[in-house]
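Colleague: I am new to reading models like this one. Could we go through it together, one question at a time?

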Amino acid sequence: MGVYRELKEDLEEELRRLAALPEVRAPLLTQLLDKLRQNRFNLVVLGAFKRGKSTLINALMGEAVLPTSIIPLTSVVTILGYGERLEIRVHFQNGQRTVITQ
């Protein structure tokens, strides 16, 4: 987590420097800084079935977080977020919710 924190602080410093430039749109940078401080960003991965999207995300995460198989398993909106421990929250169309922990 130390490397992440360092990179985050460096990025925050650079965004503050950019916001001070007169030709830069400060409101957009303010939004980026807010997301950075909240540890939030959106990365959308789209593609045809069985093209390695989940495998790519697992590689980026450094851990097999998403399931992979010969049949489509993540064909629904899947949102990943940081947490201290692995936890899966499933929201069903009928409003039911389930939490799965290790």
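Colleague: Which residues of helix α3 are buried?

Modeller: This is a predicted model, in which local features need pLDDT of at least 70, side-chain atom pairs count only at pLDDT 80 or more, and totals for chains, interfaces and linings use all residues. Residues are numbered from 1 along each chain as its sequence is written, and side-chain values use heavy atoms, with hydrogens and water left out. Helices are DSSP runs of H or I with at least four residues, numbered from the N terminus, and buried means under 20% relative accessible area, exposed over 50%, partly exposed in between (1.4 Å probe, protein chains only). Within α3, residues 53-61, the buried ones are S54, I57 and N58.

Colleague: Why do they count as being on the same side of α3?

Modeller: Look at the directions from the helix axis to the C-beta atoms, which define the arc. The buried residues S54, I57 and N58 share a side of α3 because their arc around the axis is only 100°.

Colleague: Is L43 buried or exposed?

Modeller: L43 sits in the loop between α2 (26-37) and α3. Its relative accessible area is 59%, so L43 is exposed.

Colleague: What is the phi of K50?

Modeller: K50 is also found in the loop between α2 and α3, and at 43% relative accessibility it is partly exposed. Although K50 is not a glycine, its phi is positive, at about 60°.

Key
Helix = DSSP H or I, 4+ residues; strand = E, 2+ residues; numbered from the N terminus.
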